[in-house]
Amino acid sequence: MKYIVTLFLGTILLVSCAEKVVEEPENLIPKEKMTEILHDLAILNAAKSGASRKFKDSGVDVMEFLYKKYDIDSTQFSESDLYYASIPLEYQSIYENVEKRLGRKKDTLEAIGKRRNDSVRQANKKRTDSLKEIKIKKLEKKEATSPQ
């Protein structure tokens, strides 16, 4: 009897959890495109926080830029965002993809920075070595020409 009651309650729970909280909008932004939009939004918001003055001076509005770039409007974005947010696993998947892309971009930029720093360090070392060599040659020349 306990097994039947547990099965019955489990079935009711599954059915009630499967109920859609928000209906899918007619103009739903596909998951891949939504990932790209949220990726660009994260980058632009980070850039804006670091250079807000430049954004103000140029008159660039982040959201308007994204709407134009992806050929969407604010309603379509809001409805799609709300729909995906009503499906937690789907929303989490989108944000995990955004996070992966940002991580790859970060790794690439760090590698470029490291290569640049290494090349600058190597150029400075070469310069220092060549200056030492010049000083040594001058000293040797001075010692050779000075009377003993």
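Predicted model: local features only at pLDDT ≥ 70, side-chain atom pairs only at ≥ 80, totals over all residues.
**View 1. Helix 2 passes helix 6 in a right-handed crossing.** The axes of helix 2 and helix 6 come within 9 Å of each other and cross at roughly 50°. On the helix 2 side, the residues making the contact include Lys-31, Met-34, Leu-38 and Ala-42. Helix 6 brings its own set, among them Glu-90, Ile-94, Val-98 and Leu-102.

**View 2. The largest nonpolar core of the model has 18 residues.** Look for Met-34, Leu-38, Ile-72 and Phe-77, the ones with the most contacts inside this core. Which helix gives the largest share? That would be helix 2, with five residues.

**View 3. Ile-72 and its contacts from elsewhere in the sequence.** Skip the neighbours within four places in sequence, and Ile-72 is in contact with Ile-29, Lys-33, Ile-37, Leu-66, Tyr-67 and Phe-77. Two of the names here, Ile-72 and Phe-77, also belong to the core residues with the most contacts inside it.

**View 4. Stepping back to the whole chain, we find six helices and zero strands.** Buried residues make up 18% of the 148 residues. Of the contacts with a separation of 6 or more, 73% link residues 24 or more positions apart. The accessible surface comes to about 12,100 Å², and carbon and sulfur atoms own 58% of that.

How values were computed. Residues numbered from 1 in each chain as written. Heavy atoms only, no water. Core = buried A, V, L, I, M, F, W, Y, C linked by side-chain atoms within 4.5 Å. Buried < 20%, exposed > 50% of the residue type's maximum accessible area, 1.4 Å probe, protein only. Helix = DSSP H or I, 4+ residues; strand = E, 2+ residues; numbered from the N terminus. Contact = heavy atoms within 4.5 Å. Areas by Shrake-Rupley, 256 points an atom, 1.4 Å probe, with all protein chains shown as cover. Axes fitted to C-alpha atoms, helices over the stretch in contact; angles between N-to-C directions. Left-handed = near helix turned anticlockwise from the far one by under 90°.
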